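Here are a few friendly notes to read with the structure open beside you. Take the points in order, and turn the view as you go.

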Amino acid sequence: MRVISGTARGRRLHELQGMDTRPTTDKVKEALFNIIQFDVPGSRVLDLFSGTGQLGIEALSRGAERCVFVDKRREAVSLIRENVRSVGLADQAQIIQGDALDYLKRCREQFGLIFLDPPYQTNLLESALTSILEFDILGNHGIIVCESSQERELPVLPPPYERGREYRYGKIKLAVFRRPGSEPRL
């Protein structure tokens, strides 16, 4: 697992051992960032269910302003700290150990880009989407990128949210939601 592009390009990231974390493959990560490449620079990013932190780190490497990483597992949070330090991006990272849905309830800021990649066999993806809408944490012009299993049907979000395309890579599906707006981008 490595950083694909930007200031930390080519740097290796450490992975968690065991089966509790399913890191996004480099192929899927590269495709994801090709989809959102023009929306990353200067954005505030939320990497929910962070795991290794690789999606948020990739965004920071590509010019995101800052990233909040949230994971409830102590070993994941330690690994994220190690990974952001090893690629020289720790100053732009806020790392939180805690439940992702509890974080959304307490969150008092808006983000321009949100990554949702929870364990596939749970309902956390739908719950996180509901909370993001309820607590209004996606800013105008914001993007939510959801990674799920190919067969998972994601809910239709109410206006002003728009569903973008879905992209399939083997057994993995990426779905993009956007929130248009007339104000400047976050």
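1. Let's begin with a helix pair. Helix α1, residues 26–36, packs against α2 at an angle of about 45°, and their axes lie 11 Å apart. Because of that angle, α1 counts as oblique to α2. The crossing of α1 past α2 is right-handed. Please bear in mind that this is a predicted model.

2. Which residues meet where α1 and α2 pack? From α1 come D26, K29, L32 and F33, and in α2 they meet Q54, L55, E58 and A59. In general, an α-helix has 3.6 residues a turn, so residues three or four places apart point the same way.

3. While you are looking at α2, find S61, which is found in that helix. Is S61 buried or exposed? Its relative accessible area is 4%, and since buried means under 20%, S61 is buried. Apart from neighbours within four places in sequence, S61 is in contact with V3, S5, G6, T7, A8, R9 and L89.

4. Next comes α3, which runs over residues 74–86 and has 13 residues. From its first C-alpha to its last, α3 reaches 18 Å, close to the 18 Å expected at 1.5 Å a residue. Just after α3, look for G88, which takes a positive phi of about 75°.

5. Which residues of α3 are buried? They are A76, V77, L79, I80, N83 and V84. These residues cover an arc of only 160° around the axis, which means that they sit on the same side of α3. On the other side of α3, R74 and R85 are exposed.

6. What covers the buried residues of α3? The cover includes α2 (54–61), β2 (66–71) and β3 (93–97).

7. K173 lies in strand β7, which spans residues 172–179. K173 is buried because its relative accessible area is 0%. Leaving out neighbours within four places in sequence, what is K173 in contact with? The partners are C146, E147, S148, S149, Q150, R152, E153, E166, Y167 and R168. Showing K173 with these partners gives you the surroundings of this buried side chain in one view.

Terms used
Residues are numbered from 1 along each chain as its sequence is written. This is a predicted model: local features need pLDDT of at least 70, side-chain atom pairs count only at pLDDT 80 or more; totals for chains, interfaces and linings use all residues. Side-chain values use heavy atoms; hydrogens and water are left out. Helices (H or I, at least four residues) and strands (E, at least two) are DSSP runs, numbered from the N terminus. The expected span of a helix is 1.5 Å times one less than its number of residues. Buried means under 20% relative accessible area, exposed over 50%, partly exposed in between (1.4 Å probe, protein chains only). The arc is that of the directions from the helix axis to the C-beta atoms. Contact means heavy atoms within 4.5 Å. Axes are lines fitted to C-alpha atoms, for helices over the stretch in contact, and angles run from 0 to 180 degrees between N-to-C directions. Angles under 35 degrees count as roughly parallel, over 145 as roughly antiparallel, 65 to 115 as roughly perpendicular and the rest as oblique. A crossing is left-handed if the near helix is turned anticlockwise from the far one by less than a right angle, and right-handed if clockwise.
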